[in-house]
Amino acid sequence: MTSLPLIPVTPDAPGRRPAMPPRHLADLDLSGRQEAVTELGEPAFRARQVSTHYFGRLVRDPARMTDLPAATRDRLAERLLPTLLTPVRELACDDGATRKALWRLHDGSLVESVLMGYPDRVTVCISSQAGCGMACPFCATGQAGLTRNLSTAEIVDQAVYLAGVAASGAVSGSPPRLSHVVFMGMGEPLANYSRVVAAIRRLVAPPPEGLGLSQRHITVSTVGLVPAIQRLASEDLAVTLALSLHAPDDDLRDELVPVNQRWKVAEVLEAAWDYADRTGRRVSIEYAMIKDVNDQPWRADLLGRLLAGRLAHVNLIPLNPTPGSRWDASPKPVEREFVRRLRAAGVSTTVRDTRGREIDGACGQLAAAEERDTEPPREATA
């Protein structure tokens, strides 16, 4: 196997200061918002009013905050509700049940979010970084590299915006309320640890402190940053851990998930089992099915032996290939045999619903397409 360079866990190089956005209401807890309001000479209860609009009513336009004095609306909005996400493209498919949004941030970075409506729930997939530093070669975001971490508010604002889309009734056949959030968009969530955990606390806090979601309906994905998994287990949060494993053996995982060169399969799984023991939450094992790479029957058998008897569920993911990639999805007969072998080993296994292929649904694909479309001609660049 080709040995890929080890990616550092901390993405910000020494001495480099990422261009973070202005402070937003969602960066602060309620007491912090009250302090920010009183600094403007306004009574502290204004913070609760603005928070109720943002988290409770999913309103960001100050003109609609009619319970606030007209003279103070714009000033409060400027300090507490700066624009963080500017829509670039919003695409829909599956009869409107799947919607992908591409955002431009204040510094020009691009990030993506996806809303998925089902008969019993509405789920949003959000990004935690602009780009990703984990360098997984089959992932569009990994191929792009890391730009920067997102702020807490930039993370939360994706969910609040798409919660508003759901509340508008735009997702027919689904409940008009966001119920689930998965940190499976662009970036490695646990490499932006403090802001991701702060975002989770905003998402689960009751309005007007936060969005009021159930902790059990939040899923955090990771490629296997062992110290961060151990730290998350001590946060007193009942969120689901999703481990992007993609290979049961170190030889292959070293190539597919370069961070495996630092924390091997056994160590990553041990951290996952500790997380399950301490939280009581079943670990989701994410496994992208890649043709002739990781889909061999013997790898299914090895994975089954590693997971048998554990509090785990395998989520097989049919690969959504990126343009020009040498990676392709496993044929359906191969996928079915992989599922059969895992289930024969007593391991709960499902195949992820494939959505959004016609709208560049895989992580990073829409951002990559936007950059290709807006890239100037070579002559102009030269």
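Helices (H or I, at least four residues) and strands (E, at least two) are DSSP runs, numbered from the N terminus. By that count, the protein chain has 13 helices and 12 strands. The model is predicted: local features need pLDDT of at least 70, side-chain atom pairs count only at pLDDT 80 or more, and totals for chains, interfaces and linings use all residues. Residues are numbered from 1 along each chain as its sequence is written, and side-chain values use heavy atoms, with hydrogens and water left out.

Start with the whole chain. Of its 382 residues, 54% are buried. Buried means under 20% relative accessible area, exposed over 50%, and partly exposed in between (1.4 Å probe, protein chains only). Contact means heavy atoms within 4.5 Å. Take the contacts between residues at least 6 apart in sequence: 68% of them join residues at least 24 apart.

Now turn to helix α10, residues 297–307. Its buried residues include R299, A300, L302, L303, G304 and L307. Several elements cover them, including α8 (250–256), α9 (265–279), β10 (283–289), β11 (312–318) and α11 (332–344). After α10 comes G309, with a positive phi near 80 degrees.

Two packed helices are described by the angle between their axes and the distance between the axes. Axes are lines fitted to C-alpha atoms, for helices over the stretch in contact, and angles run from 0 to 180 degrees between N-to-C directions. The axes of α10 and α11 cross at roughly 30 degrees and come within 8 Å. The two helices are therefore roughly parallel. Angles under 35 degrees count as roughly parallel, over 145 as roughly antiparallel, 65 to 115 as roughly perpendicular, and the rest as oblique. The crossing of α10 and α11 is right-handed. A crossing is right-handed if the near helix is turned clockwise from the far one by less than a right angle, and left-handed if anticlockwise. From α10, the contact uses P297, R299, A300, D301, L303 and G304; from α11, it uses F338, R341 and L342. These residues divide into five nonpolar, one polar and three charged. Ala, Val, Leu, Ile, Met, Phe, Trp, Tyr, Cys and Pro count as nonpolar, Asp, Glu, Lys and Arg as charged, and the others, Gly among them, as polar.

Go next to α1 (residues 30–39) and α2 (residues 45–56). Their axes lie 8 Å apart, at an angle of about 125 degrees. That makes α1 and α2 oblique to each other. Their crossing is right-handed. L30, R33, Q34 and V37 of α1 meet R46, A47, R48, S51 and F55 of α2. By class, that contact has four nonpolar, two polar and three charged residues.

An unreviewed UniProt entry places the feature "binding site" at C132, C136 and C139. UniProt positions are in the numbering used here, feature names are shortened, and annotations may be inferred rather than shown by experiment. C132 sits in the loop between β5 (129–131) and α4 (140–144). C136 lies in the loop between β5 and α4. C132 counts as buried because its relative accessibility is 10%. C136 counts as buried at 9%. Setting aside residues up to four places away in sequence, C132 touches T141, G142, G145, L146, G187 and E188. With that exclusion, C136 touches G142, Q143, V223, L256, V257 and P258.

Finish at S179, in the loop between α5 (152–167) and β7 (180–183). S179 is buried, because its relative accessible area is 16%. Beyond its neighbours within four places in sequence, S179 contacts R121, V122, L213 and H217.
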